[in-house]
Amino acid sequence: MKRHLYLTGYRGSGKTSVGHILTEPLGLPLIDLDAEIESTAQKTIREIFAEGGEQRFRDLEANELARFAAGEPAIVSLGGGAILRQSNFDLIRETGWSVWLDADAETLASRISGDVTTADRRPSLTSQTGIDEIRSLLDQRRPIYESIASLRVDTTHQSLNEIAAVIADWFSQLDKSSTSIDC
């Protein structure tokens, strides 16, 4: 039974910020999956990667996702790579609707560089840096984001409130079936 609203997309796409805005109109709590992982591990994502690599982080991510997917309805802000593991992908599809917050690489790079906490908390995921890493990972992830999305919202030129309004309107009209829309 679908009951969650999952926000997915690359780092810097606005998942957690939009999620905070959506809590009031949707009447659902927000779960920031990355923050929950850090809280459970009592380490930053960067520290988890340094100690156990990406595999360790993805294992923790899968455990936290499963825990919240089994819980009460919520808005779940996913990490950008949460959809990469097939078991996560399947769980998201089974338990909720996924909204893909999309943006171009330049916009994402600007947002990420403007977030002072990102460098301290999140590691680089490839040997590339900056916009080259973003472009490379977006090329790999876009087909997966697209295949899981019930709704795609281009966040490049919209404010957080505009993005939230599109999602809230769409969510309020759901007939509880999987509907794919591109905005």
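Helices H2 and H3 cross in a right-handed way, a crossing being right-handed if the near helix is turned clockwise from the far one by less than a right angle, and left-handed if anticlockwise. H2 covers residues 33-41 and H3 residues 45-69; helices here are DSSP runs (H or I, at least four residues), strands are E runs of at least two, and both are numbered from the N terminus. The model is a predicted one, where local features need pLDDT of at least 70 and side-chain atom pairs count only at pLDDT 80 or more, while totals for chains, interfaces and linings use all residues. Residues are numbered from 1 along each chain as its sequence is written, and side-chain values use heavy atoms, with hydrogens and water left out.

The two helices pack at an angle of about 110°, their axes 9 Å apart. Axes are lines fitted to C-alpha atoms, for helices over the stretch in contact, and angles run from 0 to 180 degrees between N-to-C directions. H2 and H3 are therefore roughly perpendicular (65 to 115 degrees). On the H2 side, the contact (heavy atoms within 4.5 Å) is made by Leu33, Asp34, Glu36, Ile37, Glu38, Thr40 and Ala41. H3 brings in Ile45, Ile48, Phe57, Leu60, Glu61, Glu64, Leu65, Arg67 and Phe68.

Between the two helices comes a loop, and threonine 44 sits in it. At 23% relative accessibility, this threonine counts as partly exposed; buried means under 20% relative accessible area, exposed over 50%, and partly exposed in between (1.4 Å probe, protein chains only). The C-alpha atoms of threonine 44 and aspartate 34 are separated by 9.0 Å, the two residues being ten apart along the chain.

Further along H3 comes arginine 58. With 9% relative accessibility, arginine 58 counts as buried. Leaving out residues up to four places away in sequence, arginine 58 touches Gly81, Ala82, Leu84, Arg85 and Arg141.

Then there is strand S1, residues 4-8, where five of the five residues are buried, so the strand is largely enclosed by the rest of the structure. In a regular strand the side chains alternate between the two faces of the sheet. Both faces of S1 are covered, with His4, Tyr6 and Thr8 buried on one side and Leu5 and Leu7 buried on the other. S1 pairs in the parallel sense with S4 (residues 96-102) over five bridges, pairing meaning that DSSP finds at least two bridges between two strands. Tyrosine 6 has serine 98 of S4 as its bridge partner. S1 also pairs in the parallel sense with S3 (residues 75-77), over three bridges, and there leucine 5 is partnered by isoleucine 75.

Definitions and conventions. Angles under 35 degrees count as roughly parallel, over 145 as roughly antiparallel, 65 to 115 as roughly perpendicular and the rest as oblique.
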